[in-house]
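I'm jotting down what I look up as I go.

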Amino acid sequence: MTDINRLLVVDDQADILEFIATVAEFSGYRVATAQNAERAFSLLREFEPTLIMLDLQMPDMDGVELIRRLAVHGTRAPIVISSGMDSRVLASVEQLGLTQGLNMIGNMQKPLALPDLEALLASQLVNALEPTERDLKHGIEKGELTVYYQPQADLALDGSVPVVGVEALVRWNHPQLGLVLPDQFIGLAERTGLIGELTHFVLNDSLTQLANWRSQGLKLGLAVNLSPLLVKDLDFPDQLSEMMRARKLTNSDLTIEITETAALEDPALTRDILTRLRVKNFGLSLDDFGTGHSSLTQLYKMPFNELKIDRSLGMEMHSSAEARTITRSLIDLAHNLGLTVCTEGVEQAATVDFLREVRSNRIQGYWLARPMSAALVPDAIARIAQRTAPQAISA
Ligand code: C2E
Ligand code: MG
Ligand code: MG
């Protein structure tokens with residue numbers, strides 16, 4: 001959204017520019033600022049603003065002239081006038097702009113009030129389909145995040161598919177946008193530093209849920225995704241142990257899934273933390289393997305005990321011989337390195353048969369069940385337990 005919403009602020013006072021820019025960026029705008037009319041006109045061409053905020057009293061050009069030049073330029077973007085001049089002057093300049101064909105949408109009296117500015121920026125946000133940092137921060141604080149769970153099942157030798165665990169997948173119940181999927185906000189959380197709070201919420205919530213299931217006699221393992229940005233905190237393994245202990249859970253009940261470890265800035269520190277997690281008996285899974293993001297060398301260097309084959313491969317296996325060949329090799333490689341394999345994105349019965357043949361240890365995918373709220377998990381597991389194993393068709 002920041003790329004489609006571009007605000008140009010024209011004002012000769014640096015502190016005002018900075019104030020407006022900060023608020024606007026937080027609201028989802030990309031911002032350019034100009035302290036004189038000449039700069040404003042060159043930005044008009046280069047930056048192509050979708051919204052313009054204009055101070056009427058610039059040192060090199062008065063407001064009336066500025067408006068006239070904007071009209072000559074053929075400016076289409078909505079224009080807001082902000083000025084310390086009295087409201088009748090503002091109204092008459094606005095009228096002047098309108099008669100010249102400009103899209104004058106209002107004026108703001110200086111000093112600017114924060115709520116008015118926020119309301120104005122929000123009202124002009126185009127196609128607000130993507131959440132902003134402000135949204136996410138409030139969302140976390142107001143408890144709009146929730147955790148969904150997707151079952152993972154073993155491919156047992158007798159042909160059954162017993163559910164042995166669930167992966168925690170965060171969702172955001174946004175008041176306007178509805179249920180937002182993580183691909184739309186994990187990146188935002190990582191860029192803005194909110195990922196720590198988000199992960200803390202997911203861990204707390206899902207571990208409490210795991211303990212609840214256990215007290216109801218449902219024994220499950222839990223997998224939680226951890227952003228590589230967070231594998232920097234030397235205290236993390238101890239904090240995690242404490243969270244487990246507080247709920248009378250065993251460390252081996254929890255698997256941490258990590259992708260893209262290759263991108264980590266400090267491999268020595270990462271290895272230190274991951275090794276400590278393993279020494280404390282947490283599971284460690286290399287997520288999204290086979291997408292090109294994960295590097296083979298990480299397999300040797302980092303103490304993973306599970307490899308997760310990416311859903312894009314899982315989804316293609318029934319139709320693509322290449323996907324099957326790659327999967328077969330990855331599973332061999334993983335087994336030779338002493339890792340177990342969980343294959344994601346399993347949607348077809350034929351894929352289950354194939355994965356049994358190539359000895360994937362575990363599966364996850366729509367064929368078993370989609371991610372769901374915690375309340376639906378016990379029933380889903382009971383339903384999966386009723387399933388007869390698909391017949392091997394490979395022969
Ligand atoms: P992931 O960890 O690889 O999670 C698996 C994703 O594949 C989930 O998408 C799941 O809904 C989807 N999936 C599972 N089975 C199938 C299938 O059979 N077919 C298809 N088409 N898709 C399937 P989701 O929930 O949208 O999550 C996307 C990604 O967001 C996750 O990928 C994970 O990387 C990230 N994520 C989710 N929750 C968290 C979190 O709490 N923290 C962090 N850091 N990342 C998270
Ligand atoms: Mg995952
Ligand atoms: Mg994955």
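This is a predicted model: local features need pLDDT of at least 70, side-chain atom pairs count only at pLDDT 80 or more; totals for chains, interfaces and linings use all residues.

How are the donor residues of the magnesium ion (ligand 3) spaced in sequence? I read the spacing as D-D-x55-E. Donors here are N, O and S atoms within 2.8 Å of the metal (3.2 Å for Na, K and Ca), and water is not among the atoms, so sites may look incomplete.

Residues are numbered from 1 along each chain as its sequence is written, chains are lettered from A and ligands numbered from 1 in the order in which they are written, and side-chain values use heavy atoms, with hydrogens and water left out.

Next I looked up the donors by name: D287 (OD), D288 (OD) and E344 (OE) sit 2.0 to 2.3 Å from the magnesium ion (ligand 3). The pair D288 and E344 links distant parts of the chain, 56 residues apart. D288 is in strand β13 (residues 283-289), and E344 is in the loop between β15 (340-343) and α14 (349-357). Strands are DSSP runs of E, at least two residues, and helices are runs of H or I, at least four, numbered from the N terminus.

Buried or exposed? I checked with these cut-offs: buried is under 20% relative accessible area, exposed over 50%, partly exposed in between (1.4 Å probe, protein chains only). E344 has 10% relative accessibility, so it counts as buried. D288 has 25%, so it counts as partly exposed.

I also found that D287 bridges ligand 3 and the magnesium ion (ligand 2), which lie 4.1 Å apart.

Last entry: I get 15 helices and 17 strands for the protein chain.
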